[in-house]
Amino acid sequence: MKNLLVARKGRLSFIYEKRSALIFTVSLFICIFSVLLSLSIGQKYISAIKVLQILFDDSTGGDSLIVNTIRLPRTLVALFVGTSLGLSGAILQGVVKNPLAAPNIIGITDSGSVGALVFLTLFTDPKNNALTTSIFYMPLFAFAGAFIAVLIVYLLAYKKGVTPYRLVMIGIAVAGAAKAITSILIINGPVVFIKEAQLWITGTVYGTNWTHVKLLFPWFLLLFIVTLIYTRELNIQNLDDGISVGLGSPVEKNRFVLMIVSAALASGAVAVGGGISFVGLIAPHICRKLTNSSFENVLPLSAIIGGTIMVLSDIVARTLLFPLDLPVGIFTAGIGAPFFIYLLFKNQRSQRRGY
Amino acid sequence: MNISTSNLTLGYGDVIVLKDINVAIPKNKITILVGSNGCGKSTLLKTMARLLKPMSGKVALGDMDIFQKPSKEIAKELAILTQSPDAPSDLTVFNLVKQGRYPYQSWFNQWSKEDENIVEYALEKTGLSDIRNKKLSELSGGQKQRVWIAMTLAQQTEIILLDEPTNHLDIKYKIEVLDLLKHLNQHENRTIAIVLHDINLACRYADHIIAIKNGKVYAEGNPKKIVTEKLINDVFDINAKIIECPLFKTPMCITYQNLTI
């Protein structure tokens, strides 16, 4: 019991691994540091101390304008897109009992793209290639696209309950179909539209502002709380279904709720940040490497690490080829793809599950 | 708490596997279900643990229909260990055994003193106290199976059902697991029902054998009374000579295909 933190008072009782609490604290500090770094680096360097002064004290002057209206909203959007994707991936990997699951594998990302492209198709004036409505409605379409896809996947996978295996297979099929629709829309759309669409599909937080933060943050917070309430259930979901039912868990009901929560998190992230890949896959993996597969460890840590990856990737994306502002999705994939291959190789040697 | 079935018919889709089964698992005894592959013994065990819904008929736990009872309440009276269960290999022994307390916990009460004591007891009973912080991937097959048994023990149930708990284990670990179950039965009066392939081990450990053949209960009772050469031939479709086990005085089968060739 030396390695455990136990808190008991009356009928309340909680348990946490000491090591995980330490890792969580360190990660939180790294995350805060990344955010500060993101606020000070850019066309004009602003020292971290100055940034802190601006944040907590003085909100006038040119530097304050840069931090408060340009860098802070963009950094926060990157942060919450990352936390959402990390958390979404962690939940999904538990629900389908497979560490290779990620929001894009069950079609969330690709279907979000379809939603975004449907918006661009519907609201681009073919005469002058200008949008006939505000670009701010695009996230709504992306969200709808992603969320509808998950419902379709769930319904198609349903056959006296849903097995994780069917979820993944049908998810892959729906993702494939969504990709095909995306291609058709791009090929048939006006030329100017291609760049906008391509940017979106790669994933970018360029030009995000406080409106996006206000949309994304409460959404993330709400779902994060729901996820924390379901932590125990996720631990049970991660075992064989027979064992879970034997322990008295309402397996099917929880699977549905958790799928929806995971989809809602990823859809929110996709709606604002576009088709950012790999964060949902690698963030939970890094957490497992640092702690273990117990979800009280994996969930909060995945959110923090997902957010950190996004913030750091965005710093690289907007400074590497300055003044060119590259889509952040390039860098999450740039880091994520090699890591994914590494995981595949490693998994061949220590196979976790039979399929 | 007794568990029994009445007119239970089980199957998958349109295929009927077992028909009109009326069996009772005797209290405080070890019952072993035997039969050839695909005879439905695992299906019967899973249905008695509410993992599968019957086509018709009832399973009674005490005086209640098991499918009418809240699942969490059942989990406090009956534990089931399914065949070769799987869990993430980086979980520690403690992580997994702790899950056995699930039916007793809530979000606000995740680790009571009672939870701690019972998990401690389960680890000790199964000889896992010293390796509680090891990851599952570091354990031998026998140790892993003991972890799962410890998890069911943490559930603190009177009845424990196990589906082939010795599957894929070396003979040493088979005996280790069955001895542990025997101990739990004798010293803690737990009612235990096991699906087992090995008829000789079944005869040695069972107080009560249920032999299943062609979707029916072929025979049930104490192994010394019911295990005959005819039973082996009928149930397993193989010839056998039965002798008395020199160590345990239980029936022992020596099986052969056809001695004339």
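Let's start in chain A, where Pro323(A) sits in the loop that runs between helix H13 (295–319) and helix H14 (328–349). The peptide bond that joins Phe322(A) to Pro323(A) is cis, with an omega of about 10°. Please keep in mind as you look around that this is a predicted model.

**Where chain A meets chain B**

- On the chain A side, 30 residues are in contact with 31 residues of chain B.
- Four elements of chain A each give two or more residues to this side: strand S1 (4–9), strand S2 (12–17), helix H9 (231–237) and helix H10 (241–246).
- Sorted by class, the side of chain A that touches chain B holds eleven nonpolar, twelve polar and seven charged residues.

**Strand S1 of chain B and its partners**

- Strand S1 (residues 3–12) of chain B pairs with strand S5 (residues 56–61) of chain B in the antiparallel sense, over five bridges. To find this pairing on screen, look for Ser6(B), whose bridge partner in S5(B) is Lys58(B).
- S1(B) also pairs with strand S2 (residues 15–21) of chain B, again antiparallel, and here there are four bridges. Gly11(B) has Ile16(B) of S2(B) as its bridge partner.
- Two residues lie between S1(B) and S2(B), and the two strands form a hairpin. Gly13(B), in the turn, has a positive phi of about 65°.
- Strand S3 (residues 24–25) of chain B is another antiparallel partner of S1(B), with two bridges. In S3(B), Ala24(B) stands opposite Ser4(B).
- A handy reminder while you browse strands: in a regular strand, side chains alternate between the two faces of the sheet.

**Two residues in chain B with positive phi**

- Glu164(B) is not a glycine, yet its phi is positive, at about 45°. You will find Glu164(B) in the loop between strand S8 (159–163) and helix H6 (171–188) of chain B.
- Is Glu164(B) buried or exposed? Glu164(B) counts as buried because it has 20 C-beta neighbours inside 10 Å, and 20 or more is the cut-off for that label.
- Asn189(B), also not a glycine, has a positive phi of about 55°. The loop that holds Asn189(B) lies between H6 and strand S9 (191–195) of chain B.
- Asn189(B) has 11 other C-beta atoms within 10 Å, so this residue is exposed; the label applies at 12 or fewer.

Technical notes
Residues are numbered from 1 along each chain as its sequence is written. Chains are lettered from A and ligands numbered from 1 in the order in which they are written. This is a predicted model: local features need pLDDT of at least 70, side-chain atom pairs count only at pLDDT 80 or more; totals for chains, interfaces and linings use all residues. Two residues are in contact if their C-beta atoms, placed from the backbone, lie within 7 Å. Ala, Val, Leu, Ile, Met, Phe, Trp, Tyr, Cys and Pro count as nonpolar, Asp, Glu, Lys and Arg as charged, and the others, Gly among them, as polar. Two strands pair if DSSP finds at least two bridges between them.
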